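User: I am new to this structure and would like to go through its pockets and cavities. Could we take them one at a time?

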Amino acid sequence: MATSSSSKLSKAVKQQYMDLPQGDQVQAMYIWIDGTGEGLRCKTRTLDSEPKTIEELPEWNFDGSSTYQSEGSNSDMYLIPQAMFRDPFRKDPNKLVLCDVLKYNRKPAETNLRQMCKKIMGMVQNQHPWFGMEQEYTLLGTDGHPFGWPSNGFPGPQGPYYCGVGADKAYGRDVVEAHYRACLYAGVKICGTNAEVMPAQWEFQVGPCEGIEMGDHLWIARFLLHRVCEDFGIVASFDPKPIPGNWNGAGCHTNFSTKDMREEGGLKYIEESIERLAKRHQYHIRAYDPKGGLDNARRLTGHHETSNINEFSAGVANRGASIRIPRSVGQEMKGYFEDRRPSANCDPYAVTEALIRTCLLSEEGDEPVKYN
């Protein structure tokens, strides 16, 4: 099994130092999205006291030429703290700090999609949009081979692995359990987890979150997963189709509702939203993976519980549709719907913003509307 050599370092020796008192000082790990739109970066600074609010955290900077975000001749980028969580690795009072990235001219970096998402969410806050995102991922060795798979072949076909139990069915549960507890400690709104259809593939769910909180919590949950995997010496991949052929891909199904949808007669508002989504399929496909739909083209084939990327469809309890209305929602005539198109490596800010623009702001056409 290909695991990193750093994972074999003695954790007991490290723990001696982690148990040392740190006085009144606090370690704050600043986290941001790099120029790929998928990768996460982090670095740590010392604070003289425990911050209680975001406003107490100072701005910081970093070298954007080393994160695909600027040229070397003008490389300073600004980190603006936006959301704060407890640090499950260093423990209280230490913090994880999710940051916006601004360029030298104080404008958002190209992959800083949070700022616009927050603006759009602010326009509809009276409708109380709730989201829940189902993050699928695949565990790999550092050699890129799925964790637990035979080195020169394939495991048995899909069937026994989804929500499976047993050493021959569940590959890497230690990572899943550690990540779940780390999320709970940090204050991430994780609400569940399960083994997925392909062996070494898992899913965790985050939500319900209102507005901008969805993107914040999912990005920190992803960071925590990468960091937990680092300790175990393996890799978490969010590739939408890590293994070609007759294996399920990985998505990030997004559940969405508003106050009106959740109340009596809400099915009418759900159906109205789906009608708007049907007229704007290509816009959403472009927003639902970092490469404008190219990543999802490998996954959305119409097979393996997906819809076809070129067609829009909707149905009750249909996992082969673009939009699924859960059976309970169809019966109760209220609730939420599930957009099954976002890829595992989507930016949750882009996905949630697109849903708001189309469903609540009634935008049409292939381009987002620019608001003053």
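User: What volume does the largest pocket have?
Analyst: The model is a predicted one. In it, the largest pocket has a volume of about 580 Å³.

User: Which residues lie nearest the centre of that largest pocket?
Analyst: Those nearest its centre are Leu 113, Ala 287, Ala 350, Glu 353 and Pro 368. They belong to a lining of 26 residues.

User: Why does the largest pocket lie between domain 1 and domain 2?
Analyst: Domain 1 (23-110) and domain 2 (121-360) both give residues to the lining of the largest pocket, so the pocket lies between them.

User: And how do the lining residues of the largest pocket divide?
Analyst: The lining of the largest pocket comprises 12 nonpolar, 6 polar and 8 charged residues.

User: On to the second largest pocket: what is its volume?
Analyst: The second largest pocket has a volume of about 350 Å³. It is lined by 20 residues, and the closest to its centre are Glu 136, Glu 196, His 253, Arg 319 and Arg 340.

User: Which elements give two or more residues to that lining?
Analyst: For the second largest pocket, these are strand S6 (130-140) and strand S10 (252-257). By residue type, its lining divides into 3 nonpolar, 7 polar and 10 charged.

User: Changing topic, how many cavities of 30 Å³ or more does the structure hold?
Analyst: It holds 2 such cavities. The largest cavity contains about 80 Å³ of space, and the second largest cavity has a volume of about 30 Å³.

User: Which element gives the largest share of the lining of the largest cavity?
Analyst: Strand S5 (residues 95-102) does, with 4 residues. The residues lining the largest cavity include Leu 98, Cys 99, Asp 100 and Val 101. Others among them are Ile 33, Gln 69, Arg 114 and Tyr 349. This lining divides into 7 nonpolar, 3 polar and 2 charged residues.

User: Which residues line the second largest cavity?
Analyst: Among them are Tyr 161, Lys 169, Ala 170, Tyr 171, Glu 196, Met 198, Pro 199 and Trp 202. In the lining of the second largest cavity, 8 residues are nonpolar, 1 is polar and 2 are charged. Glu 196 lines this cavity and is also one of the residues closest to the centre of the second largest pocket.

Methods: Residues numbered from 1 in each chain as written. Predicted model: local features only at pLDDT ≥ 70, side-chain atom pairs only at ≥ 80, totals over all residues. Heavy atoms only, no water. 1 Å grid on protein atoms, 1.4 Å probe; cavity = no way out; pocket = protein on both sides within 12 Å on 5 of 7 lines; lining within 4 Å. Points joined across faces, edges and corners; volume = space filled by probe spheres on them. Nonpolar A, V, L, I, M, F, W, Y, C, P; charged D, E, K, R; others polar. Domains from an automatic or database assignment.
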